[in-house]
Each structure stands twice: as C-alpha cells, then as structure tokens.
Amino acid sequence: MNHIGLDLGGTKIAGITLSQHGTVLGHQRIATPQSYPDILKACVDLIKKLNATNDTLQCVGICTPGVIDSDKGVITFSPNVTALKDMPFRDDLSSALKVPVHIANDAACFALSESKDGGGAGARIVYGVILGTGVGGALVVDQKMPSGPHRANEWGHVAFPFPDADDVPATCGCGRVGDIESYLCGPALHRQLTEKLGRSITNDELVAGINANDAAIMGVMQRYATRLAKALAMLITIVDPDVIVLGGGVSNLDIIYKLVPPLIGKYTLSPVVKTKIVKAAHGDDSGLRGAAWL
Ligand SMILES: [Zn+2]
C-alpha cells in the first residue's frame, strides 16, 4: 500500500507518494488557489494524480500550518491559508475522495516523519522542534502522536525559561510577550545579529562569518545557543525525549550542534543529559513525508 500526503501552504500545495518503505514514488506541486471550493478541488485533483497507479486509496494525510481541531476536522487558525479557516475541510475532502482523511499541523508532521525514518529513527520518544519563521514543536512516541484534547505541543509558545539580564523579552508571533519563539525564531536571530553588527546580514554572510570565526557573529551565536539550551533543558526536564530533532532554517547552522549540547546540563536537574540533539534528515520534505505517514 502506498501513502499519499499533501502539504497545504499559503503559496503552494505540494504532494508526495511514498511506498510502504518510504521510497518517494511521486511528487507534485501547484499554486494554492484563493477560494475554499478551488482549494478543495485542487487537492482532489492532486491526489488523483499522485495515485497514478490507481491503487485502492486507504487514506490521505494533510499537513498544514496552524491549529487543527482534530475532533471536528476543522482548521481553526491558519496563518497562511485563510480560506480554510473554520471550514469542514477534512470531511469535505473525505466525501470527495471516499476515503478517510487525517490532518495534522506542520510541526506534528515533521516530528512524525523524523521519528519514522529520519533523525529520530529507532528512538522511542522523539520531540521535533522547528526553528524557522516561527518556533514549533511536537511529540511522537513509538512513531505515534499522542492525542490530547488540544493536540497542542506548542513548545514555542510558553514563557522563555531561566532569563538572564540580557534576555530582553520581545513580542511573539502570537502577540504575547516573552515566549520562547520570540527569542529563537529565525527573524529573532537575525534581529540579534542586526543589533550586534549595526546592519542586517544574509544567511550566506552568517554562515561565512561562523566559518571565519568572526568574533561579533560568534558572540551572537553563543548567546543564541545558550537561549536554545535553556529552552531545550525545560523540554527535557518535562518530556524526557530520547532524541530532539531540529528542523527549520536555523537548524541548518551546524554550529548549533557543537555549541548547544554541552550547555543543556547547566539548566537540567541532572547535569548528565542523555537526550541526543540531531538535525532533521529529510529537510524541507519532512512535513510532506509526515503527512503521508499520517
Ligand atoms: Zn507566542
């Protein structure tokens, strides 16, 4: 049986077909239409294309950013695809395709993908962290997502722990002040770099500065690493995962994996930390792969 997943974003809808062993059998990508009926029709057409072998479809998985009411199958908050808000998307798609449809947010799909056959493969308790435009998180245990009443797992939207005098609170994407996301998202790192350097720099300049051991840039990275270590220490103290997999733009900076792990034990109860901090194996494809695994 093949697995079909869609990643439904504000600008594009991407689709993937995976074999039961995780081999990519097909990829599709289209622009996201504006209206709800057009989005629904585009998803149905895309899934039919992805099911080129005319397998009997068992189910379909959808990954989308936002907050999903999994009891009702409704997306209650969608930052990028506003036409989906409060529409019965799961049931409408399921009626059109005549198969069950599962929806989860992008962090959950990322964590599932990485726990199946990525950075957390073989581990029991995997926590996926996204350090991108926003900060997301999701827990996977035995390759399954525990389903609490909120399916929340919003690690990025709790108060930043163990603040020092120079950890000045900023406004978070959710509107509150001082959440973890406001310190650790990609735009926050760039804001910290701009404050230190007196000008904004590109990602390429950042990587070049790290490789050249530039003192100012490394100072910012050291501060960022300490903040990330504090936030991960809190996560480890409560959730105790075997592996934390990092994804999103900031996770591509290899310096993170050198600087952060030795700092975490300063903020956990036991100084010996066994949780591994690893980079995502499937990069940008992880959300899509996770949707297929749903
Ligand atoms: Zn927040």
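User: Why is Val141 called partly exposed?

Analyst: Good place to start, and keep in mind that this is a predicted model. Val141 has 16 C-beta neighbours inside 10 Å. Being buried takes 20 or more, while exposed means 12 or fewer. The value of 16 falls in between, so Val141 counts as partly exposed.

User: Which strand holds Val141, and which residues does Val141 touch beyond four places in sequence?

Analyst: Val141 is found in strand β9, residues 135-141. Leaving out residues up to four places away in sequence, Val141 touches Arg124, Ile125 and Pro146. Ile125 sits 16 residues apart from Val141 along the chain, yet their C-alpha atoms are separated by 4.7 Å.

User: Now the open sheet: what makes β3 and β7 its edges?

Analyst: The 5 strands run in the order β3-β2-β1-β4-β7, with mixed pairing. β3 (24-31) and β7 (101-105) each have a single partner strand, so one side of each is left without a neighbour in the sheet. From one strand to the next, the twist averages 20°.

User: How do you know that β1 and β4 pair?

Analyst: Pairing requires at least two bridges, and 4 bridges join β1 (residues 3-8) to β4 (residues 60-64). Therefore they count as paired, and they run parallel. Ile4 stands opposite Val60 in β4.

User: Which strands does helix α1 touch as it packs on the sheet?

Analyst: Helix α1 (residues 36-50) touches β1, β2, β3 and β4, and its direction makes about 30° with that of β2. Helix α3 (residues 106-117) also packs on the sheet, touching β4 and β7. The direction of α3 makes about 100° with that of β7.

Technical notes
Residues numbered from 1 in each chain as written. Predicted model: local features only at pLDDT ≥ 70, side-chain atom pairs only at ≥ 80, totals over all residues. Helix = DSSP H or I, 4+ residues; strand = E, 2+ residues; numbered from the N terminus. Axes fitted to C-alpha atoms, helices over the stretch in contact; angles between N-to-C directions. Contact = placed C-beta atoms within 7 Å.
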